[in-house]
Amino acid sequence: MALLQTVVGLTFLVVLGNVLGYFFKKIPVSLFQIALGLLVAIFLNVKIELDTEWFLLLFIAPLLYSDAWRFPKKELWELRGPIFGNAILLVFITTIVGGFLIYWMVPELPLPVALAIAAILSPTDPVAVSAIASQAKLPPSIMHLVAGESLINDASGLVGFKFAVAAATAGTFSLWQATGEFFYVSIMGTLVGALMGFILNAIGDWLSSHGNNDVSLRVVLQLFTPFLVYILAEEINASGVIAVVVAAIILNIHTKHDVDYTGELHVVGINTWNVFGYLLNGYIFVILGIEFPLATHLSAAISLPMALFYSVVTWLIIFGIRVIWTYVTQWVRLKNHKNETASWRVAITSGLTGVRGAVTMAGVLSVPLVTDSGAPFPQRALMLFIAAITIILSLIMAIVLLPIVGGEKKTQVPPGATKAKAKVAQHMSEPRARVYVLQSAVREIEARRRESNQAVVYDIIRRYQSQIRQLQLQFMKADKMSPILDAEMTLREFALETERGAVQRLLVDERISPLVFASEGRRIDRAESELDDLVTHDRGKRTWRQIRRFFTGFGRMVRVWLSDDSSDKLLSEYQLARHEASKEAIAAISKYISTDEAQSSHLDQTAAYNLIIMYRAQIERERHGQSSVKNAEALKMELELIGLNAQREAVQHLTEAHFISGTTSLNIRQNINFTEAGMLTNLEE
């Protein structure tokens, strides 16, 4: 029960940290998660007993597998030289040079522990960099480099870290023996990973050949794979992390070439690993925050200010090594190019992108509490403290300095665009492009409207128009949008007053009962109170109103059921009231938009059209009721697919005309595909 409560509590903190990160986009989510963990540790006295033996297995194996399985081969292959240089040589230099500098700076640390700190601080965290890079102008090559090296330097850094920790645990260290073991664990880890990758591919192919293309089964096998590969490799004293990375790359390459089910498998697999990685990364940083107070329990010989000084200097050492390495590699690579020279700005930018994250923290938390002799692990608290502060400091420095060094992010012009077209591409934002695409779908669906399908057509168009309005609010300036919204609100208030008058006349003519009149009056009152959503878009208010509307509707059904009048009679009166109110509203709107008052205002004709569509949809629903539900569903799916195809054609037009960038085109296409997949899934269910 305690374990279950711990998992639920950690998950809540992870989600809360991501919610805070949504509202404060310039701050990495990991900092919020660390802070939340620290707060619950201090104020709620929360403690987590860590079993360090399984920490690497539980966190590192699946995270490495997830990164390797989604390996972007094309970009990373083009940067294979710098990637392998950063991931292997830079890690080796950081471990040796950084380790000895830390050992010289902190006399309380044994040499193996200093080397372990340097080794575990070598891996970079591209997830944190991506969040920061959205606010800065970073060259794509640097982002690809960080993404590529992080996949491999996690493995190389962890291998060096494990050797250093093993030396500190045993109390002895032999360079010759360590070198031999390094080659053994690396080669055997590679072989185990390759063998398991081919075996798992063979199993998948065998299942497919027998007609079993169950994507859920294949994703479960993927989730199981990193743990299986890691355990098997560690059982023969090979490197589990290297084995996991190699197996994932082999599985990735094979999956991309399996045309029978790769699309669905890849989409479901990526989404599953996104959720899994989302939780694991979050757990690590929350646990770091919870464990941080323990890291402040330093030995009497080390004060807290001195430990902070050690941490800052450690970050400077790691940062300086990366900057110098980047500058030197630039100089070597560009020495034969007369028009290109090495840049300290690029080197510093590369140094700042070397943000440390989940892998570093998981490695430090996996350090055993005691050595082989039973004595406490030397300076474990100080080691955890230095690593934690270095992670936080690398995040903060990247937040502060990357936008300054990299410059503000600017819109990129698509390759091959002319100057005139490039100007259009710069100003056509993704929300504006989405509006164009959705409007194309509305026109196509409207062209298919017939007497037999107009109820479904109106419902679909009404949903599209709601999406269009939400997007318009994202790209239209407030000074232009406010008059339009004011005019639209005036029109809606006019329509509601017309509805109220229609219901009043039905009561006077005794065509509806006082119960129906009162209920419809309250509905109109609620609609009037919700008009401010057009301006404020307060989701909290909207959610509360939806809840209140549900209970109000439920109460109305109870009153109808308990009423002395026949329920069928009351329901028919409700239908009559809605039908007549909608009819008169349409007529009033059509007449109003031709008046001088409407012409002189900023009334958007599209808004009037949307309102008329809403009332027509209401009339069609009241007219047809619940009849022909199955046919309506089939008809709706057909029209929805027509709309999606129209959206795809519109995206293709914008792309070919260079009105949108390749990234915007890809994002809109992905959104269309996900919408279609969701519709087909709902249809299947």
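**A walk through a helical model**

Let us start with a tryptophan: W315 has 10% relative accessibility and therefore counts as buried, a term that means under 20% relative accessible area, while exposed means over 50% and partly exposed covers the values in between, all with a 1.4 Å probe and protein chains only. Before going on, please keep in mind that this is a predicted model, in which local features need pLDDT of at least 70 and side-chain atom pairs count only at pLDDT 80 or more, whereas totals for chains, interfaces and linings use all residues. Residues are numbered from 1 along each chain as its sequence is written, and side-chain values use heavy atoms, with hydrogens and water left out.

Now step back to see the whole protein. Its secondary structure consists of 28 helices and zero strands; here helices (H or I, at least four residues) and strands (E, at least two) are DSSP runs, numbered from the N terminus. The protein has 685 residues, and 46% of them count as buried. Take the contacts between residues at least 6 apart in sequence: 79% of these join residues at least 24 apart, where contact means heavy atoms within 4.5 Å.

A pair of aromatic rings is described by the distance of the centres and the angle of the planes. Rings of Phe, Tyr and Trp (its six-membered ring) pair if their centres lie within 6.5 Å; planes under 30 degrees apart are called stacked, over 60 edge-to-face, and the rest tilted. Searching the whole structure gives six aromatic pairs. One of them joins F309 and Y310, a tilted pair with 6.3 Å from centre to centre and 50° between the planes. F309 is partly exposed because its relative accessibility is 46%, whereas Y310, at 6%, is buried. Our tryptophan belongs to another pair: the ring centres of W315 and F319 are 4.9 Å apart and the planes meet at 15°, so these two are stacked. Both residues sit in helix α13 (residues 304–334), and because they are four residues apart there, about one helical turn separates them. F319 is also classed as buried, with 18% relative accessibility. Elsewhere, ring pairs connect Y65, W273 and F276 into a cluster.

R463 lies over the face of Y464, 5.2 Å from the ring centre; the rule asks for NZ of Lys or CZ of Arg within 6 Å of the ring centre and within 35 degrees of the ring normal.

Leaving out residues up to four places away in sequence, T390 touches L121, S311, T314 and W315. T390 and V312 are 78 residues apart along the chain, yet 6.9 Å separates their C-alpha atoms. With 1% relative accessibility, T390 is buried.

Q379 is not a glycine, although its phi is positive, at about 55°. Its relative accessibility is 21%, so Q379 counts as partly exposed. E510, another residue other than glycine, has a positive phi near 60°. This residue is found in the loop between α20 (478–508) and α21 (514–529), and at 71% relative accessibility E510 is exposed.

Two packed helices are described by the angle between their axes and the distance between the axes. Helix α1 (residues 2–23) packs with helix α2 (residues 29–43) at an angle of about 135°, their axes being 8 Å apart. Axes are lines fitted to C-alpha atoms, for helices over the stretch in contact, and angles run from 0 to 180 degrees between N-to-C directions. The two helices, α1 and α2, are therefore oblique to each other, the word for what remains once angles under 35 degrees are called roughly parallel, over 145 roughly antiparallel and 65 to 115 roughly perpendicular. Residues of α1 that meet α2 include L13, L16 and L20, and on the α2 side F32, L36 and V40 are among those taking part. G37 is in helix α2 too, and is buried at 0% relative accessible area. Apart from residues up to four places away in sequence, G37 touches V286, G289 and I290. Y283 is 246 residues from G37 along the chain, with 9.5 Å between their C-alpha atoms.
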